[in-house]
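Good morning, and thank you for the time. I would like to take you through one structure, beginning with a convention and then moving from the overall form to individual residues.

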Amino acid sequence: LSLVLNPGAVFGIGPGKRWFFIVFTVGAMIAGLFLFARGTRQRQTPAHVAIGLLIAGGMGNLYDRLMFGCVRDFLHPLPGVEWPLGITVPWGGRDGRQVWPYVSNIADLWLIIGIGMLVVILWRSDSAERRTQLSKGGA
């Protein structure tokens, strides 16, 4: 656990743009609710869970921005783990050697899981639609 107060967005991008991120998050949550209400059917539980995770993650980070002026990140999954053989990478922290120098929070975790679920759901539904078109002789 490492406390980092992030005044920006993902990876610290856009520090000092608090109100932009608040407005963006509220808009994204409204879009998520609209997608939930109009873009899914009654028995699409995985899609409902994914959208719920996105809204929950947005609410968590929105709360931090409104109450504290920044997002409180505290989960550092690989502290001190470095690339072998002295390898350095551009995203590897100050010295370029860390495997994962980024710190996040539970809201970020929900956002990542929700986005991943939606990508898989959309990919699978697109594949199923393509198979249906091929079986009917379509292009």
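A residue is called buried under 20% relative accessible area, exposed over 50%, and partly exposed in between, with a 1.4 Å probe and protein chains only. By that convention W100 is partly exposed, its relative accessible area being 35%.

Two remarks on the source are needed. This is a predicted model, in which local features need pLDDT of at least 70 and side-chain atom pairs count only at pLDDT 80 or more, while totals for chains, interfaces and linings use all residues. Residues are numbered from 1 along each chain as its sequence is written, and side-chain values use heavy atoms, with hydrogens and water left out.

Let me turn to the fold. Helices (H or I, at least four residues) and strands (E, at least two) are DSSP runs, numbered from the N terminus. The protein has 3 helices and 2 strands, and their order along the sequence is β-α-α-β-α. Its radius of gyration is 19 Å, well over the 14 Å that the globule rule gives for 139 residues, so the protein is more spread out than a compact globule. Here the radius is taken over C-alpha atoms, and the rule is 2.2 Å times the number of residues to the power 0.38. Along the principal axes, the C-alpha atoms fill a box of roughly 55 × 45 × 20 Å.

How much of the protein is buried? Buried residues are 26% of the 139. As for contacts, meaning heavy atoms within 4.5 Å, consider those with a separation of 6 or more: 61% of them join residues 24 or more positions apart.

Next, the aromatic residues. Rings of Phe, Tyr and Trp (its six-membered ring) pair if their centres lie within 6.5 Å; planes under 30 degrees apart count as stacked, over 60 as edge-to-face, and the rest as tilted. The count by this rule is 4 aromatic pairs. Y63 and F68 make an edge-to-face pair, at 6.1 Å centre to centre with 75 degrees between the planes. Both residues are partly exposed: Y63 has a relative accessible area of 45%, and F68 has 43%. W100 and Y102 have ring centres 4.9 Å apart and planes at 80 degrees, so this pair is edge-to-face as well. Y102 is partly exposed at 24%.

L54 lies in helix 2, residues 45-68, and is partly exposed at 23% relative accessibility. Leaving aside residues up to four places away in sequence, L54 touches L111, G114, I115 and L118. From L54 to F68 there are 14 residues in sequence and 21 Å in space, C-alpha to C-alpha.

D73, in strand 2, is buried, with 3% relative accessibility. Which residues does D73 touch, not counting those up to four places away in sequence? They are S2, L3, V4, N6, V103, S104, N105 and D108. The C-alpha atoms of D73 and N6 are separated by 6.8 Å, although the two are 67 residues apart along the chain.

Finally, L85 sits in the loop between strand 2 (71-73) and helix 3 (106-135). L85 is exposed at 83% relative accessible area, and its phi is near 60 degrees, a positive value in a residue other than glycine.
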